[in-house]
Amino acid sequence: MKKILTLFLMLVAGTAYSLAQEVDNTLQFVDKDGKVIADGSVITRNEVTEDEFEGPMIKAEIYVKNTSGQEQGVYVKGEVKKMDCGKVQTCIGGCTTWDNVGSYISPKELIAGGGSLDLATEWMLPEDVAENASCTVTYQIVRVESLGGFPPKYGEEYPGATITVTYVNGNVAGIDGTQADSEAEVVARYNANGQLLNAPAKGLNIIKLSNGKTLKSINN
């Protein structure tokens, strides 16, 4: 009888552990071509581009894809493990800056069923950055149940995939010309507090373009 009870308890404990380890795959990391970046992946980015307003930076080129047909809420947990210089910026639900080693979270944002969302995350470099300087950040998707309403209301949270990006300083390649700013569309606009705007507003506007760039504009 004791053996049966022991086996039963081991089975229950094993099941609980398995459930605790389960990763929610409703939202997935993908690259700019829509290819899934598997949970646990480690990727390197070393192409330095020059932003008109922000200066030199290395883009992660990470997107989140909603594989379900329902609207979902999402935010990202970030852990900066190494940062030789500069700062990391992530624009999801508003732009946040991570400028030291440590753990961070982004604001929440909604993502439509079947849609994708550019995290617009990059390592922003100082002008005098040293050759081969690097920065390592781990990102984790957290899916949040969308309850509708305005402003949006959120419910249960479901931790998803985790990936690690190592940024390494390379040669300055100039402004990324994959899509000219004049041809790009505005996909989101935020004020200085990171609040989503429906139209241009007085003061600082943070603008996300369809070519992946994030620009700043001051309206009078």
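Analyst: Glu-61 is partly exposed, with a relative accessible area of 26%; that class sits between buried (under 20% relative accessible area) and exposed (over 50%), using a 1.4 Å probe and protein chains only. Before going on, a caveat: this is a predicted model, where local features need pLDDT of at least 70 and side-chain atom pairs count only at pLDDT 80 or more, while totals for chains, interfaces and linings use all residues. Residues are numbered from 1 along each chain as its sequence is written, and side-chain values use heavy atoms, with hydrogens and water left out.

The term means a side-chain nitrogen of Lys or Arg within 4 Å of a carboxyl oxygen of Asp or Glu. Lys-32 sits in the loop between S1 and strand S2 (42–45), and Glu-61 in the loop between strand S4 (55–59) and strand S5 (63–66), so the pair ties together parts 29 residues apart in sequence. Lys-32 itself counts as exposed, at 52% relative accessibility.

The structure holds 3 salt bridges. Another one joins Asp-24 to Arg-143, with the closest N and O atoms 3.0 Å apart. Asp-24 is in the loop between helix H1 (2–21) and strand S1 (27–30), while Arg-143 belongs to strand S13 (residues 134–146), so this pair links parts that are 119 residues apart in sequence. Both Asp-24 and Arg-143 are buried. Then there's Asp-84 with Lys-82, where the closest N and O atoms are 4.0 Å apart. Asp-84 is partly exposed at 44%, and Lys-82 is partly exposed too, at 38% relative accessibility.

Now the strands around those loops. Helices (H or I, at least four residues) and strands (E, at least two) are DSSP runs numbered from the N terminus, and the protein chain has 1 helix and 17 strands. S1 and S5 belong to an open, antiparallel sheet of 3 strands in the order S1-S5-S11. S1 and strand S11 (116–118) are the edge strands, each pairing on one side only. S1 and S5 pair over 4 bridges in the antiparallel sense; pairing requires at least two DSSP bridges between two strands. Leu-27 stands opposite Asn-66 in S5.

Zooming out, buried residues make up 42% of the 220 residues in the protein chain. Among contacts (heavy atoms within 4.5 Å) with a separation of 6 or more, 68% come from residues 24 or more positions apart.
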